[in-house]
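Good morning, colleagues. Please look at the model on the screen while I speak about its salt bridges and one of its sheets.

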Amino acid sequence: MRSRRVGSGSGRIPGSESGSEDGTVGFSIRILEGPEKNRLFTFDRIEVTIGRTVDNDVVLPDPSISRQHMSIRDKGGAYIVKDLGSSNGTKVNGKAITEEVLKAGDVIAAGNVRIRFEGGSGAARSEKAVRGKGGPAPSARASGGGAAPGKARSDPRAPAPAPAAQPGRPIIRAQRMRTRKAEPEKAAQPDPGAAEPTVAPGTQRGSSARKKGKGAPRVTAITRLVEKFRALPKRSRMLIMAGAGLVVLFLLVAAVRGGKQVIRQMTDHSNEEFAPGELNSSNNYMTFGNGPGVDTLCMTKVVFRFKYGNGRSTLVYQAGMIDNLQEVTLQLNGMEIGHLPVTLDKWTDPIFVTLPRKHLLENDINRVTFVNTVNFGNPKAKETWGVAVLAIQEEPLPQADPAKAKEAFELAQTMDKNRDVALPNAYRAMENYRRARDFLELLPENQRSDTYQESTDRAEQLDAELNRRFADLMFTAEKELNYNRYAKARNIYRDLMMIFPNPEDPRHLRAKGKLEEIGE
């Protein structure tokens, strides 16, 4: 439900001008920093929640805000802010809190967002209402890390979820309807003056010939079916029994398979190893981690083992439900080689990571490990996260050729310097840096020129820049579509196809698919 504006830069739940029916006068907050800066919101309800997802009363789509970050509650005229187990914690006037009484002018900090509590008609008696009963205000305690369990996630294989809130635009939900629980009906009291019904001798009280009569036809029908079955020829009886046996067997197999799936989702498999590209019963890529839609529960880590020769090895994976850049680390044979990107409630498109050969064991078993640092340090945190490894690909490397490496490196530098002149230049520069690196890969380390490391580092930097640009432009295109500005969205998708000119690149394919969806 959209909040309507009152005055300049304010939001109010409809009906708040006259107060609520239960006498709640309400309170106001103003966004000082973060999405919708300087906007005022006024409420006329007992409690509101503030977080990143759309099931909150105020939605602030900022990565530093947890899904359900905090709540503000009117408790007998005292307005109390409570941290809901957020990852980055909540502060009031610079002090970390788990629960605190607010007064007008207090500044609440949540991640990168700053909110000022403007107070309400009941704010003046807030501290008296809480502290005047023989005790101090709730003490400030440092909030624990880890987001509350139960975050809503999407699955990389599921249909697209309902449209999320537009970034930077808080949403105030309509108040939930509250209904009073119906009281159980009282048993009817017997009339002491009424005469008891006459009961025939030998008949129990409460029974009736009518009830007894209902069962008789049922027994007769079953008996008749049995008699008809016995009257069938022996061959027909055997066929019917064989068919019934197959149905029972099918149901048992289905129950066992379903039971295995339930076991995979309820038993922690963090200490087991898996193969890349595993499929689930629906023939989709198996997902690992903790949270809705995850096929295999791995609370702290998930390990994938694979055989490596001596070529160029590339990891292809998808990630979801990750709140911050430090939450999940990527390790190769125990060496940290990177972090998974922030995905919030979505799953990523396939991500390609070139595994460094210096950490690979040639002609041997290697292991790629995804470690959730939040759950690893505190298993009770139960942070939700997910990963699916589609494949670990290995391609043969070209024969070592320093001359070709130098030629590719010089071409890459030229493209790199002019990457802002033409859209495809940054991508072409990245490709040539990789070619220069590959022509030197098979040389002994002491015979490689400085070009090898420079090419490796610059290729990774350009790839990261291109990924960020892809995400920003895709987000902008989606925003244009939400406002029905299809022409602008088409132009963005065409630019993306030029920025990623390789027709086999997943980013090129995704932009092309979006363009085909909305039509030329």
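A salt bridge here is a side-chain nitrogen of Lys or Arg within 4 Å of a carboxyl oxygen of Asp or Glu. The model is a predicted one: local features need pLDDT of at least 70, side-chain atom pairs count only at pLDDT 80 or more, and totals for chains, interfaces and linings use all residues. Residues are numbered from 1 along each chain as its sequence is written, and side-chain values use heavy atoms, with hydrogens and water left out.

Across the whole structure, the search returns 27 salt bridges. In one of them, arginine 52 meets aspartate 323, with 3.2 Å between the closest N and O atoms. Arginine 52 sits in the loop between strand 5 (47-51) and strand 6, aspartate 323 in the loop between strand 18 (312-320) and strand 19 (328-332), and the two are 271 residues apart. Strands are DSSP runs of E, at least two residues, numbered from the N terminus.

Are these two residues buried or exposed? Both arginine 52 and aspartate 323 are buried, where buried means under 20% relative accessible area, exposed over 50%, and partly exposed in between, with a 1.4 Å probe and protein chains only. Arginine 507 and aspartate 505 also form a salt bridge, at 3.0 Å from N to O, and both are buried.

Note on methods
Helix = DSSP H or I, 4+ residues; strand = E, 2+ residues; numbered from the N terminus.
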